[in-house]
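This report concerns the packing of helices and domains in one predicted model. Please consult the sequence and the structure while reading.

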Amino acid sequence: MTTLRAAQALTPDGWRRNIIVEIGADGRIARVAADDGTPADHSVGILLPAPANAHSHAFQRAMAGLTERRGPDPRDSFWTWRKLMYRFLDRLTPEHVEAIAAFVQMEMLEAGYATNVEFHYLHHQPGGTPYDNPAEMAERIAAATAQSGIGLALLPVHYQFGGCDRRPLGPGQCRFGTDPDAFAALHAASARALAALPADTRLGVAPHSLRAVAPEALPGLRTLAPKGPFHMHLAEQQAEVEEVQAALGQRPVEWVLDHLAPGDGFTFIHCTQMTPPETEALARTGAVAGLCPITESSLGDGIFDGIRWRAAGGRLAVGSDSNIRIALSEELRTLEYSQRLRDRSRAALATAEASTGRILYAAVLEGGAQAAGRDTGALAPGRRADLMVLDGDHVDLAGREGDTLLDSYIFAGDDRMVREVWSAGRHMVRDGAHVAREAITAAYRRAMANLRGAL
Ligand code: ZN
């Protein structure tokens, strides 16, 4: 049992002062109560549930900062960036992937995320031959997770075709590709790869997109992990929308609404190219929009219609996707600022009852838990103890209270305010740094030195 004493805390009953939170040996919150003098292991400032990072491709972290020059194409775009990404990943070995994933997970924890939902599609050797163990790369992500202590929801990705016309995968895509039978075997091997990780680990499934998977294969994929999260990239780029429309006769969101019966277990990543009726209809299904505002800005994807989505009751989560920058406060700020820039407004996602910061934070707690298939997101007995602490003495937090703390963290501060993080009760960030920071960083530096010159 670990006991925390918090000066301020965000609970399902709202903000409370001076409370005790007990974390059981099972990694769940055992008790939340007024400070009754129980001796505490840790006295902390501002205690919050820690959200999940709902979308990541860990290996792309190693490209951060390397794709900001103009290429030979007259107009740099998502598609020219993707070519660079494909070239880069030809060099990656399982050892690289393990070192990069551990570093990414460490950065996520230090940013206040308790869970890494990994959309995992780098499966095979360069050239496309599977490893002897088809889940070799999943094993490496599991090994990284054992070191970082983050909660993992692994989503093995089915990626079959190079486009809606079912063309074969291009040379840059051959490390991702499987036919449905090979994917089922890979998925089963991935379950074995996770067997030694803690009980909060989840296995889901992710068809890459309507570009890369035969529509008729989608229901079968759902049955591989009927209780696990089901994620798919959706409507990220205009060219993708047009390609799907030409092939299937419907825009991606229209097709999904008509054919997939999306609901609670579904998360659709990006959703930056939706019409207003699509936004409203998809929001009403209960599916989560998995937004990646920093990456979507970096790649010029477009602006998610957050105001319409929320007005229709839509759920949302944030993820760091390309991992060009892993920063929870900045994802939330970028999401809100994108709405303000588009509409020339302020406090765009706030309501009459709650500030912008509170709305955003509460939304990603709930939506992140749903996207990760994880029983978390609230400071309440029985939930997994995914917790983070903001520094109550920070110059921009001291003397403030309630929702203003979240506004100050998201809009005036950054993740350096994060002091402590627990994932399912594992205390992985202490006094602002991950407990294995030195070893994880040293391994990442070695991997990066080895990859130098790959772009
Ligand atoms: Zn993605």
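At what angle do the axes of helix H11 (residues 328-343) and helix H13 (residues 403-412) cross?

## Basis of the model

The model is predicted, with local features requiring pLDDT of at least 70 and side-chain atom pairs counted only at pLDDT 80 or more, while totals for chains, interfaces and linings use all residues. Residues are numbered from 1 along each chain as its sequence is written, and side-chain values use heavy atoms, with hydrogens and water left out.

The axes of H11 and H13 cross at roughly 85° and come within 8 Å. H11 is therefore roughly perpendicular to H13 (65 to 115 degrees; angles under 35 count as roughly parallel, over 145 as roughly antiparallel and the rest as oblique). Axes are lines fitted to C-alpha atoms, for helices over the stretch in contact, and angles run from 0 to 180 degrees between N-to-C directions. Helices are DSSP runs (H or I, at least four residues), numbered from the N terminus.

From H13, the contact (heavy atoms within 4.5 Å) involves Tyr409, Ile410 and Phe411. H11 contributes Leu328, Ser329, Leu332, Arg333, Glu336, Tyr337 and Arg340. This contact of H11 with H13 has 6 nonpolar, 1 polar and 3 charged residues (Ala, Val, Leu, Ile, Met, Phe, Trp, Tyr, Cys and Pro count as nonpolar, Asp, Glu, Lys and Arg as charged, and the others, Gly among them, as polar).

H11 also packs with helix H12 (residues 356-372), at an angle of about 120° and with the axes 11 Å apart; the two are therefore oblique to each other. Here Leu328, Leu332, Leu335, Glu336 and Arg340 of H11 meet Thr356, Leu360, Tyr361 and Val364 of H12. By class, the contact of H11 with H12 comprises 6 nonpolar, 1 polar and 2 charged residues.

## Domain interface

The domain assignment, which is automatic or from a database, divides the chain into domain 1 (2-48 + 379-440) and domain 2 (51-372). Their centres, taken over C-alpha atoms, are separated by 28 Å. The contact takes 30 residues from domain 1 and 34 residues from domain 2.

About 2600 Å² is buried between domain 1 and domain 2, with 59% of it on carbon and sulfur atoms. Buried area is the accessible area (1.4 Å probe) that two parts lose on being put together, summed over both. Of the area that domain 1 buries against domain 2, Ile410, Phe411 and Ile440 supply 26%, more than any other three residues.
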